[in-house]
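Colleague: I have a chain open here and would like to talk it through with you. Could you start with the overall layout and then move to the aromatic side chains?

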Amino acid sequence: MAKFTPQQAADVLAIKQVVYEWGDELDIHNGLQMRQTDVLADDVSYNVGGEWREGLAAVEAFYNGRAEAMRAGAGLMTMRHIITSLRVSFDDADHAKVGYLLVFFAALGDGPFDKYCDPLAVADVKMECRRDADGEWRITRFDSGQIFKRG
């Protein structure tokens with residue numbers, strides 16, 4: 001059973017909020033306002049699109065490039081990241097590991113969708129977070145492994 005000090009309990013809530021804001025940024029803005037959302041550290045290691053991106057600028061370039069390609073084709077996706085079973089453990093006062101289950105839905109166009117839509121993927125997600133010098137928690141590492149994915 002996880003036992004936290006009062007400070008760690010407050011930090012767990014702050015870390016959860018960062019993770020939820022990350023998911024919300026992807027769902028609402030397709031990742032195009034990640035810098036403004038301020039949930040990723042400048043030196044983040046981020047596995048997306050099948051490869052590792054090093055640094056916030058590389059993550060931004062991925063999401064901008066994906067949006068350009070989608071707009072040139074069928075259009076942007078509507079996405080929803082459902083985050084559940086979130087767990088936090090601390091390496092020290094300023095570094096934490098986060099694990100959770102992600103259920104991911106996506107469809108082309110703007111919702112609401114009136115057809116049945118099954119999840120695109122179910123993934124085990126691992127993140128690392130750091131409390132930066134300004135006192136804010138940010139994601140320093142993102143990786144996921146899809147357990148189920150639509151064929």
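Modeller: Bear in mind that this is a predicted model. The chain has three helices and six strands, and read along the sequence these follow the pattern α-α-β-β-α-β-β-β-β.

Colleague: How does the radius of gyration of the chain sit against the globule rule?

Modeller: The radius of gyration is 16 Å, close to the 15 Å that the globule rule gives for 151 residues, so the chain is as compact as a globular protein of that length. Taken along the principal axes, the C-alpha atoms fill a box of roughly 50 × 30 × 25 Å.

Colleague: And what share of the residues count as buried?

Modeller: Of the 151 residues, 38% count as buried. As for contacts with a separation of 6 or more, 51% of them come from residues 24 or more positions apart.

Colleague: On to the rings, then. How many aromatic pairs does the structure hold?

Modeller: There are six aromatic pairs in the structure. Take Tyr46 and Tyr63, whose ring centres are 6.1 Å apart and whose planes are at 80°; with an angle over 60 degrees counting as edge-to-face, that is why this pair is edge-to-face.

Colleague: Where do Tyr46 and Tyr63 lie?

Modeller: Tyr46 lies in strand S1 (residues 40-48) and Tyr63 in helix H3 (residues 56-72), so the pair ties together parts that are 17 residues apart in sequence.

Colleague: Is Tyr46 buried or exposed, and what about Tyr63?

Modeller: Tyr46 is buried, with a relative accessible area of 0%, and Tyr63 also counts as buried, at 3% relative accessibility.

Colleague: What about the rings of Tyr46 and Phe142?

Modeller: Their centres are 4.9 Å apart and their planes are at 35°, so the pair of Tyr46 and Phe142 is tilted. This pair links distant parts of the chain, since Tyr46 is in strand S1 and Phe142 in strand S6 (residues 137-149), 96 residues apart. Both Tyr46 and Phe142 are buried.

Colleague: Which residues do the ring pairs link into a cluster?

Modeller: The cluster linked by ring pairs consists of Trp22, Tyr46, Phe62, Tyr63 and Phe142.

Colleague: Changing topic, how many positive and negative side chains does the chain have?

Modeller: The chain has 17 positive and 24 negative side chains, with the centres of the two sets 5 Å apart. The accessible surface comes to about 8700 Å², and 52% of this belongs to carbon and sulfur atoms.

Conventions:
Residues are numbered from 1 along each chain as its sequence is written. This is a predicted model: local features need pLDDT of at least 70, side-chain atom pairs count only at pLDDT 80 or more; totals for chains, interfaces and linings use all residues. Side-chain values use heavy atoms; hydrogens and water are left out. Rings of Phe, Tyr and Trp (its six-membered ring) pair if their centres lie within 6.5 Å; planes under 30 degrees apart count as stacked, over 60 as edge-to-face and the rest as tilted. Helices (H or I, at least four residues) and strands (E, at least two) are DSSP runs, numbered from the N terminus. Buried means under 20% relative accessible area, exposed over 50%, partly exposed in between (1.4 Å probe, protein chains only). The radius of gyration is taken over C-alpha atoms; the globule rule is 2.2 Å times the number of residues to the power 0.38. Contact means heavy atoms within 4.5 Å. Accessible areas come from the Shrake-Rupley method with a 1.4 Å probe; for residues, only the protein chains shown count as cover. Lys and Arg count as positive and Asp and Glu as negative; His and the chain ends are not counted. The place of a charge is taken as NZ of Lys, CZ of Arg, CG of Asp or CD of Glu.
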